[in-house]
Amino acid sequence: MKFYVEILGTLPEMAVAEVNALAELGKGTVLDKDYLLVSGEIENMKIFERLGMAHEFGILLFSSENPDEIIDYVKSFPWKNVINGTFAVRRERMKNCTHEIEGLDKLIGGIIHSQGLKVNLSRPDVVVRVYCGENLWLGIRIREFKGKEFENRKADRRPFSRPIALPPRIARAMVNLTRATRELLDPFMGTGGMLIEAGLMGLRVYGLDIREDMVEGAKLNLEYYGVKDYTVKVGDATRIKEAFPGKTFEAIATDPPYGSSTTLPMKRDELYRRALESMYEVLDGYLAIAFPADFDAVSVAENIGFKVIEEFYQRVHSSLERYFYVMRI
Ligand SMILES: C[S@@+](CC[C@H](N)C(=O)[O-])C[C@H]1O[C@@H](n2cnc3c(N)ncnc32)[C@H](O)[C@@H]1O
């Protein structure tokens with residue numbers, strides 16, 4: 001089946017990589033990208049329910065650079081087979097749109113309506129999507145990700161809150177970049193943001209933090225969001241084996257402290273190197289990790305034995321630039 005995902009514009013390369021990682025899990029592949037629209041083929045589209053850095057995903061019906069071809073397709077398509085109830089056509093003009101699409105949604109709506117289907121603009125059962133970029137794209141929305149869903153899990157909305165947590169959409173994308181299907185470890189879990197996202201995806205989650213208050217707080221947060229399948233402990237990310245003797249992990253996603261913490265038992269770069277060594281010992285798959293831009297993560301990680309697969313740059317503010325890395329053993 002063909003799919004489309006409309007990604008967020010904030011970290012587009014990372015968002016495409018997230019779609020790629022999930023497509024891999026759903027036995028599919030990304031085939032095309034037109035500004036913020038990513039498309040491809042997949043066997044199991046349900047996997048995209050896990051997406052973090054996306055506005056929506058759906059079934060891709062047709063694409064063309066010629067508006068007349070879109071109209072011909074709409075005329076010949078058996079809409080009654082896919083629309084159960086009412087519908088609305090919604091169009092999206094992306095920044096790179098090169099076509100005149102004024103009125104295209106109404107025209108398409110009129111054709112579908114003429115097949116005997118009822119329009120409901122405010123609360124349709126099915127949304128037919130038209131995107132304009134370099135090409136025109138026609139699809140049926142399966143799921144929209146409203147900002148509100150993620151905002152409810154932002155750092156300041158958690159029962160135990162510290163201003164150290166990544167935005168939930170980014171935490172979720174990091175979990176997805178690990179391609180985890182069963183379990184996930186965060187050895188610098190803090191308030192548990194990464195574990196909340198992974199737990200809500202149905203993964204069994206494991207966490208460590210060197211501070212007891214963080215561990216108690218992370219438990220509170222996990223319970224609050226309904227995550228039950230977790231093990232969190234006080235422990236040192238540079239000695240993971242000691243905290244989980246004999247255990248290996250399918251995936252690790254983590255966001256180590258950026259250096260100002262007073263709890264660091266060693267210098268920042270040494271902490272990073274030793275934590276990477278410790279993760280390498282227990283990992284059996286992918287690692288997604290964030291580091292400040294002034295840390296030479298690639299050479300340190302490759303010296304340990306990791307293969308660095310992808311990296312994504314983000315300027316958070318004037319004094320924080322970071323990279324997100326995807327690595328594997
Ligand atoms: C940037 S925060 C992680 C934020 C987290 N993603 C969240 O959602 O809150 C880094 C965490 O690492 C913890 N930490 C610092 N040194 C550590 C170590 N050696 N082992 C384990 N945790 C450590 C800190 O206590 C802090 O909670």
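Are Tyr206 and Phe249 buried or exposed? Both residues are buried, a word that stands here for under 20% relative accessible area, with exposed meaning over 50% and partly exposed the range in between, for a 1.4 Å probe and protein chains only. The structure is a predicted model, in which local features need pLDDT of at least 70 and side-chain atom pairs count only at pLDDT 80 or more, while totals for chains, interfaces and linings use all residues. Residues are numbered from 1 along each chain as its sequence is written, and side-chain values use heavy atoms, with hydrogens and water left out.

A search of the whole structure finds 18 aromatic pairs, where rings of Phe, Tyr and Trp (its six-membered ring) pair if their centres lie within 6.5 Å, and planes under 30 degrees apart count as stacked, over 60 as edge-to-face and the rest as tilted. Among them is the edge-to-face pair of Tyr206 and Phe249, with 5.2 Å centre to centre and 75° between the planes. This pair links distant parts of the chain, since Tyr206 is in strand β9 (residues 204-209) and Phe249 is in strand β11 (residues 249-254), 43 residues apart; helices (H or I, at least four residues) and strands (E, at least two) are DSSP runs, numbered from the N terminus.

The ring centres of Tyr280 and Phe306 are 5.0 Å apart and their planes stand at 75°, so this pair is edge-to-face. Because Tyr280 belongs to helix α9 (residues 268-282) and Phe306 to the loop between α10 (297-304) and β13 (307-317), the pair ties together parts that are 26 residues apart in sequence. With 29% relative accessibility Tyr280 counts as partly exposed, whereas Phe306, at 3% relative accessibility, counts as buried. Elsewhere, ring pairs join Tyr272, Phe291, Phe295, Tyr313, Tyr323 and Tyr325 into a cluster.

Charged side chains also meet aromatic rings, and a charge sits over a ring if NZ of Lys or CZ of Arg is within 6 Å of the ring centre and within 35 degrees of the ring normal. Lys247 lies over the face of Phe249, 4.9 Å from the ring centre, and Arg328 lies over the face of Tyr286, 4.6 Å from the ring centre.
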